[in-house]
Amino acid sequence: MKKLHLPVFVLFLFTICSFAQSVPLSYYLPQDVQYNPSVPTPEAFLGWQVGDWHVSHDLLVSYMRELDRVSDRMEIEPYARSYEGRPLMLLTVTSTQNRTNLPRIKDEHRSLTDPGKSGSLNINQMPAVVWIGCSVHGNEPSGSNASLLLAYYLAAAQGPAIDSLLSETVILLDPSFNPDGLNRFASWVNVHKSKSPVTDPINRELNEVWPNGRTNHYWFDLNRDWLYVQHPESRGRVAKFHEWKPNVLTDHHEQGSDATFFFQPGVPSRVHPLTPKKNQELTARMGTFHAKALDKIGSLYFTEENYDDFYYGKGSTFPDVQGSIGILFEQASSRGHAHETINGVLRFPFTIRNQFVTMLSTLQAARAMRPDLLNWQRDFYRDAGREGNSAPVKAYVFGSKEDKARTWEMLKILRQQQVEVYKAGGNVNAGGRTFGADWSYVVPANQAQHRLINGMFEKRTTFADSLFYDISAFSLPLAFNMPYAELKSTPNLGSKVAVPEFPQGNVIGEPATAYAYLLAWDGYYAPRAVNELMKQGYRVRMATKPFAATVAGQSMAFDYGTVMVPVGLQEKGKAELPALMAELARRDGIDIYALGTGLTGTGMDFGSSNFEALEQPRVMMLVGTGVNANDAGEVWHLLDQRYGMPPVMVDVAQAGQADFRKYNVIVMVGGSYPALGTGTVDNLKRWVSDGGTLITMTNAVAWAVARGLANVKTKKGPADSLSVKPYASLEENARAQDIVGAIFQLRLDRSHPLAYGYRDELIPTFRDNTIFLERPKNPYATPASYTATPLLSGYVTKPKLKELAGSPSIVVNAIGSGKVILMTDNPNFRAFWFGTNRLFINAVFLGRIISPASGRVEE
């Protein structure tokens, strides 16, 4: 008997407790095929049939490894680890002959993206490459559970059909895009499963608790991270994508339980204009194979509705701008093991079968369309090269002199997406700026990733449709608040950037005889350095006015927010300070200046009251039911991963028991906060009055206003002038009034602490809500407002744009000696919105030093 790689007690547990109503393996698998008996079925390995339980990630990986061990058709490779340490695995499945030639096959396939090489390739002799991707949303598990069946089929099926398929394709099976979310959800539904299925939608099994299994460890939606790759799961996956450049990539999801089954193409009018028409034609051709397969088993389905191909950060759209065909599959979700729906009881095995059947139809389509798919990939990059050569914009130049770490973060994204970047070969004058050769970079338009570059750099305000499944704007330089310019000719290029090097910070001056140290607040990681200093007990102050000082014989200008560490004021650690400053400069990519005197000679010496003492932030964040988990995860990730200062996360249900006095900052991200009663709200008001800083964002702003925590008014939009409208347009008209994600321009008051670290008064911000505030009477209470013509990129209706123009983005209210900071936008959006992170970080670090008078509101 074959040894099963599973603990005996687990097998015993599933044997005695497997009280599911199993379906036979024949329910799933084609029956006109012989199967190799030496390959263990999923049931033989797991101890239960696929669909009886939700597979946990460890068992999923174990079975894939077992198939790799017994089959000569596949090999398994880990390509990343999740935040919780789980491996992300890629199975490469193909014929034994192809396996012996995989390096050559992979190299030839990548050559399709190089017009200089692709013309000499014999496409008739090349296999198509197909990536089957599963369950990027962990609580949409039918894809990952179906991958058990697909892996078995590919390893065990015998006969001419499978031999031909494996000979003509290389299959990349990714059984779990999101291991942490998948495992979280599997644990929930398995723990709550009854011996006899309970199908009532109100049943606990079918209603997982906050934050649910959709997201990764930090509560991010990984299906929005393909383009700007901020998480290890995405970075590893995208690296593999570029290593292989697959012809087809599938993305298996779930949708509402009362739905049926969706496959692309989606809504034709919502395809991104940079996606060629041929892509959608090929997608539709592949759709005929899915339809035939679903017709055969009698499953209902739909296409060209609800879902779109606009945002290139999604798994099914990301391939479309890179010569591949991305295909979204959406199966109605059983939410557990069985669920009452308008279509009857929806059972987990049924959802798995639909996913498995369309995995097979994808492979069949790829085999049948192999020459067309390979030719399309070659043509795509050939045409992209021609477009790049004739494009009016020949290159983009970008870079920040004051914040080289933020420039580095943007460089990393570009290089991870195989975008060619060069150091500037000299100073570049463009867009009213001078981009210095020592800190600027150039992206030429004439390169293989020309279309992707356009998608990342464009600003678009006209659209064929007013509805979007996701965001309508995602410009990379705007997200980074990065100085950049479009160039009509390619400038002199310096060396090509291979792997971006983190900027080297230095201590400048004489640290051995330092009277004080100065560091600019501009650097992205400057707050991390300051937090480390305060964590180690050092006293830190911040300049509330610009000043000049002499460093190493040179007069230098220092801006608002300059951090000063006076050596003489420290009670301990003076001897260790030079070494610590050197380490912080290196680690955080910032320059630190050691000055030998506190006399500046410019009217603001280092003992001035214009240097405010800072207090180390002690941050609490309210989380739980009624709180937007994505928004909360963005704060958690930012503070923990980037700044090394994880917040204390308190469930809203326990907020009444929390001692708010332990914290000086409380964060409330978007949410309705139904669990916070009047007693907790009163405690919160007292805490703010005693000096606390309460930060509210998006619809938490409206919550705070409604409960008297802020004395401002929300705007009420104009009444609809049309009294009668067609009923059929109701849903679309309502959705069109939303701001689903667009980029607008803010004007900052650079003298306000919340704007410290910004050198320009105009910055881009991201908005995906319709919360508008009236301007307060206090002229000092609004550090950030929308400009008169704020739209930079994306879709918004004219009435909403009119409401937004000139309105406050951030308002500060004072209560007693504390502050309530109201942020109508989310400054931490999806972790890639680096440009406005500082607004939030300033609120965390500098809320205390904002003058109470600036936030007083006249009654």
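Modeller: Happy to! One term to begin with: a polar contact is a pair of N or O atoms within 3.5 Å; within protein, one must be able to donate a hydrogen and the other to accept it, and residues adjacent in sequence count only if both atoms are side-chain atoms. This is a predicted model, where local features need pLDDT of at least 70, side-chain atom pairs count only at pLDDT 80 or more, and totals for chains, interfaces and linings use all residues. Residues are numbered from 1 along each chain as its sequence is written, and side-chain values use heavy atoms, with hydrogens and water left out.

Colleague: With which side chain does the side chain of S38 make a polar contact?

Modeller: S38 sits in the loop between β1 (34-35) and α2 (42-46); helices (H or I, at least four residues) and strands (E, at least two) are DSSP runs, numbered from the N terminus. At 2.8 Å, the partner of the S38 side chain is the side chain of N36.

Colleague: Is S38 buried or exposed, or in between?

Modeller: Buried means under 20% relative accessible area, exposed over 50%, and partly exposed in between (1.4 Å probe, protein chains only). S38 has a relative accessibility of 38%, so it counts as partly exposed.

Colleague: What is the average pLDDT of the protein?

Modeller: pLDDT is the predictor's confidence in each residue, from 0 to 100. Here 95% of the residues score at least 70, although over residues 1-20 the pLDDT is below 50. Where pLDDT is low, the predicted coordinates should not be read in detail. The protein's average is a pLDDT of 95.

Colleague: Which residue caps the N-terminal end of α19?

Modeller: Look for a side-chain oxygen that lies 3.0 Å from the backbone nitrogen of N630. The residue that carries this oxygen is N628.

Colleague: Which side chain makes a polar contact with the side chain of N837?

Modeller: N837 is found in helix α24 and is buried, with a relative accessible area of 2%. Contact means heavy atoms within 4.5 Å. Leaving aside neighbours within four places in sequence, N837 is in contact with residues including L638 and R642. Its polar contact, at 2.6 Å, is with the side chain of Y524.
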